[in-house]
Amino acid sequence: MSIGSKLSELRKKNNYSQEDLAEKLNVTRQTISKWELDETSPDLNSAKQLSIIFQISLDDLVDNDIKNIVVEKVSNTEKLAGIIIDTLKVIGIGFVILIILAIVIIFVFNITQSETPKTTSSVTMACEVADESYLVDFGSDGR
C-alpha cells in the first residue's frame, strides 16, 4: 500500500477532512490531496507529525513491514541456537564415550596385568673361601 493510500485511509478512519488534517500540519489542503494521490510525499517532519496525529509508527505510515524482518531475524537466531545446542550435545556425548572407553581400557589393562604370571629368576653362585664352600642364592626379590 502506498503512503498516499495509507494516509487517505487513516484520515477517513479518524474522521478528518483534508482541510482538518492540513490545518493540523500547517499545510494546504492541496498538499494533503497531492500526498493522497501519490503525486508527492510528505517530508520527514510532516511524516513524523502524521505518525503522532494518527498514533502510529513511521514504519506503519510508510507500510514498512519491519515486523517480518524482526520475526525472520528471531527465527534465524533460534535456528542458530538450536544448531549450537545440538552440536554441544554431540560433543558432550563424544567426551562421555571417550571417558568410558578410557576407563574400560584401563580396567582391562589392569586385569590382564594381574592375571599375567610373574616370572621369577634367581642366580646361585658357588664360591670357596679358605677351603669352605658357600652357595649364595640371588632371587628376584633382590636378596
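Modeller: What follows goes from the chain as a whole to individual helices and one serine.

Colleague: Before that, what am I looking at, and how do you count?
Modeller: This is a predicted model, in which local features need pLDDT of at least 70 and side-chain atom pairs count only at pLDDT 80 or more, while totals for chains, interfaces and linings use all residues. Residues are numbered from 1 along each chain as its sequence is written, and side-chain values use heavy atoms, with hydrogens and water left out.

Colleague: How many helices and strands in the protein chain?
Modeller: The protein chain has 6 helices and 2 strands, where helices (H or I, at least four residues) and strands (E, at least two) are DSSP runs numbered from the N terminus. Along the sequence the pattern reads α-α-α-α-α-α-β-β.

Colleague: And what share of the residues is buried?
Modeller: Of the 143 residues, 16% count as buried, meaning under 20% relative accessible area with a 1.4 Å probe on protein chains only, whereas exposed means over 50% and partly exposed lies in between.

Colleague: Which residues of α2 are buried?
Modeller: In α2, which spans residues 18–25, they are Q18, L21, A22 and L25. They share one side of α2 because they cover an arc of only 100 degrees around the axis, the arc being that of the directions from the helix axis to the C-beta atoms. On the other side of α2, E19 and E23 are exposed.

Colleague: What covers the buried residues of α2?
Modeller: The cover includes α1 (3–13), α3 (29–36) and α4 (44–54), with contact taken as heavy atoms within 4.5 Å.

Colleague: How do α1 and α3 cross?
Modeller: Their axes come within 7 Å and cross at roughly 120 degrees, the axes being lines fitted to C-alpha atoms over the stretch in contact, with angles from 0 to 180 degrees between N-to-C directions. That makes α1 oblique to α3, the class left after under 35 degrees (roughly parallel), over 145 (roughly antiparallel) and 65 to 115 (roughly perpendicular).

Colleague: Which residues make that contact?
Modeller: G4, S5, L7, S8 and R11 of α1 meet I32, W35 and E36 of α3.

Colleague: Switching topic, is S51 buried or exposed?
Modeller: S51, which sits in helix α4, is buried, with a relative accessible area of 9%. Its side chain reaches the backbone oxygen of K48 at 2.7 Å, and, not counting residues up to four places away in sequence, S51 touches I56, S57, L58 and L61.

Terms used:
A polar contact is a pair of N or O atoms within 3.5 Å; within protein, one must be able to donate a hydrogen and the other to accept it, and residues adjacent in sequence count only if both atoms are side-chain atoms.
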